[in-house]
Structures are given as structure tokens and as C-alpha cells.
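Me: I am new to this structure and would like to learn how to read its features one by one. Could you take me through them slowly, giving the general idea before each case?

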Amino acid sequence: MTHDQHPADVADAGSEPPAAKLNHPSSLASVARSRITAPEQAFPDPQPEASVGSARRGVGVRLEALRAFYGTVEAVKGMDVEFRANEVTAIIGPSGCGKSTVVRCINRMHEEIPAARAEGRVLLEDMDVYDPSVDVVAVRRAIGMVFQKPNPFPTMSIFDNVAAGLRLTSGGRGERSKLAMQTKVEASLRAAGLWDEVADRLAAPGAGLSGGQQQRLCIARSLAVDPEVVLMDEPCSALDPIATLRIEELIEELKTRVTIVIVTHNMQQAARVADRTAFMLDGRLVEVGPTQEMFTTPSDPRTEEYVTGKFG
């Protein structure tokens with residue numbers, strides 16, 4: 001049950017074979033699809049501030065009949081929901097309801113757990129990321145992930161932390177490639193609101209930053225490879241209030257460029273940052289709608305009980 005049924009803004013793929021769909025000129029997701037089905041190209045010539053710092057039309061995500069298992073235990077039980085482009089959607093619910101499992105299914109990290117599997121479809125616009133033709137590594141480039149605990153690479157510098165993904169996905173060499181990488185790293189750090197704090201110490205260890213700075217460094221690392229979607233699994237749970245505020249301000253800025261899905265236990269945070277909120281209980285979606293309505297006039301009494309603190 002939802003407050004608002006919003007049809008997905010996707011092209012009708014009809015019966016086209018996967019190869020034909022990849023470059024369909026009428027599809028809003030043609031670029032996204034090509035990026036998750038083809039190897040990344042070498043760096044282009046650097047552009048001012050790079051694309052990572054510019055507003056752009058985002059790419060939506062839609063889950064259809066998503067089920068997720070840990071062995072024989074079903075953690076997500078047939079979930080249908082849309083995460084709209086250039087919006088922040090918060091997923092709330094009590095511990096163990098399947099929130100984190102859902103976001104890990106979106107970028108196919110769930111399958112890395114032994115005996116774990118997923119069923120159903122995860123559509124990046126109209127491209128199923130579980131399609132056999134899709135490169136799973138490229139999926140995780142197009143759909144970035146920020147974890148609960150900041151996880152910078154401990155032996156790498158600030159610069160190398162951001163550049164790590166770029167080096168893995170590019171075959172570029174030479175001075176032009178180095179200049180492009182420097183431009184991209186700076187643009188990513190600026191987009192993450194960290195450049196002014198680290199510009200004079202890029203060679204310092206990333207692990208030497210404060211907790212809040214480390215989390216923004218991880219966000220910059222995700223942004224460096226130009227994702228279409230950024231998933232955040234309780235990104236502020238280990239941070240102090242000031243660092244939390246910086247991350248929340250950053251989320252508001254980032255949604256002009258990417259689609260954001262955030263898992264949070266903090267009702268106040270969901271109310272502050274999310275355009276829409278989805279409430280999960282026992283592995284199922286109870287309802288989803290505009291955040292203000294979800295917190296003031298929810299359709300399901302279980303949602304009202306949860307957001308008012310009567311359980312969870």
C-alpha cells in the first residue's frame with residue numbers, strides 16, 4: 001500500500017534482445033546500461049570541475065518482486081518499490097527487518113555472502129542488473145555504496161583512496177591520464193565537501209582523518225567513478241552530531257546529481273533528508289510515500305506505531 005503510485009519513467013523495451021537494448025537511442029538509461037555491460041574506457045580529456053560536480057538527470061531504480069535469502073531463511077519477501085531519480089529515499093524499520101539486505105541486493109553485494117541469493121528484478125531504469133549480460137563489477141561502479149562504518153583503505157593516502165576505483169576501471173596511461181585523474185580526484189573531493197580540508201595534505205594517510213572526514217572520503221571515492229545511484233547504509237550511525245550534519249548537508253547537495261537510497265534507524269534524520277520514506281517490517285514493505293505524510297498521516301497503523309516509538 002502506498003501514498004502515491006508513480007509510474008516509472010522508462011522506455012518500453014518490448015521484445016528487443018539485450019544487445020539491441022543496450023544502445024537504444026530513446027532510452028533515458030542508455031548511458032547507464034552501456035556502463036554496466038561494457039568495460040570502462042580510458043579517461044577522457046579533463047573537463048573543468050568534471051561531471052561529478054554538476055547537476056544532471058539521475059537514473060531511477062525499481063525493485064520488482066525482490067526476494068532475498070540467507071540459505072533457507074527469507075529476509076526480503078517479495079518487495080516492489082521505486083526509488084525515484086534525483087530524490088533521497090529513506091528505508092526505515094526495526095532491526096532485522098531486511099533494510100540493509102535490500103540495499104545490498106541493489107548493487108549485487110548480497111550474493112557475495114556464502115549461501116545468499118536473490119530473486120526478482122532490480123531495474124536501473126529499464127535494465128535489470130541481474131541480467132546475465134551485465135558485468136557485476138560495473139554494476140557496483142554504477143551503483144555506489146557507503147557503509148555504516150567509514151572504511152578508507154588504511155595503507156593508502158587521501159589521494160589514492162579516491163583514485164583507487166579510477167585506477168581499476170581505466171587503462172589510461174601517461175601524462176594526460178595523470179592530469180585527468182588529478183582533476184577527477186579534486187572534483188570528487190569538492191563534491192564530497194572535503195577538498196578545502198585536505199587540499200594541502202593529499203599524501204597523508206586516509207585513515208588519519210576524523211570519522212566524519214573518513215566517511216566523506218568514502219563518499220568521494222564512490223563519486224569518483226561517476227555512479228548513477230549511491231546507497232548509504234546508516235552512514236551517520238558512528239558519527240558525532242556535527243559530522244552527521246555535514247553528511248546530511250552533503251546528501252541534499254548530492255541528489256542533484258545522483259539518486260540516493262539511505263538506510264537509517266534515526267527517525268529525525270529520515271525526516272530531515274528524505275523526499276520519500278519506505279517502512280519495512282518482517283522483510284516486507286509496509287508502505288512508501290512522501291516523508292512528511294509518512295510521519296504525520298501514514299496509511300498503515302503499523303507505520304504510525306513505529307514512527308511514534310511504540311515499537312522497534
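Predicted model: local features only at pLDDT ≥ 70, side-chain atom pairs only at ≥ 80, totals over all residues.

Me: How many residues does the protein have, and what share of them counts as buried?

Reply: The protein has 312 residues, and 51% of them count as buried. The accessible surface comes to about 14,000 Å², and carbon and sulfur atoms account for 52% of that area. As for contacts between residues at least 6 apart in sequence, 71% of them join residues that are at least 24 apart.

Me: How many salt bridges are found in the whole structure, and how should I read one of them?

Reply: A salt bridge is read here as a side-chain nitrogen of Lys or Arg within 4 Å of a carboxyl oxygen of Asp or Glu. A search of the whole structure finds 16 of them. One is formed by R62 and E64, whose closest N and O atoms are 3.0 Å apart; E64 is partly exposed, with a relative accessible area of 23%.

Me: Why does the salt bridge between E197 and R246 tie together parts that are apart in sequence?

Reply: The closest N and O atoms of E197 and R246 are 3.1 Å apart. E197 lies in helix α7 (residues 195–198) and R246 in helix α9 (residues 241–254), so the pair ties together parts that are 49 residues apart in sequence. Both ends are partly exposed, E197 with a relative accessible area of 25% and R246 with one of 34%.

Me: Where do K255 and D275 lie, and is K255 buried or exposed?

Reply: K255 and D275 form a salt bridge in which the closest N and O atoms are 2.9 Å apart. K255 lies in the loop between α9 and β8 (259–263), whereas D275 lies in the loop between α10 (267–273) and β9 (276–281), so this pair ties together parts that are 20 residues apart in sequence. K255 is buried, with a relative accessible area of 14%, while D275 is partly exposed at 29%.

Me: Which residues make the nonpolar surface patch?

Reply: The residues of a patch must have over 30% relative accessible area and no salt bridge, and nonpolar side chains are joined within 5 Å. In this structure Y70, V73 and I113 make a nonpolar surface patch of about 240 Å². I113 is found in the loop between α3 (99–106) and β4 (116–124), and its relative accessibility of 31% makes I113 count as partly exposed.

Conventions. Residues numbered from 1 in each chain as written. Heavy atoms only, no water. Patch = residues over 30% accessible without salt bridge, like charges linked within 9 Å, V, L, I, M, F, W, Y side chains within 5 Å. Areas by Shrake-Rupley, 256 points an atom, 1.4 Å probe, with all protein chains shown as cover. Helix = DSSP H or I, 4+ residues; strand = E, 2+ residues; numbered from the N terminus. Buried < 20%, exposed > 50% of the residue type's maximum accessible area, 1.4 Å probe, protein only. Contact = heavy atoms within 4.5 Å.
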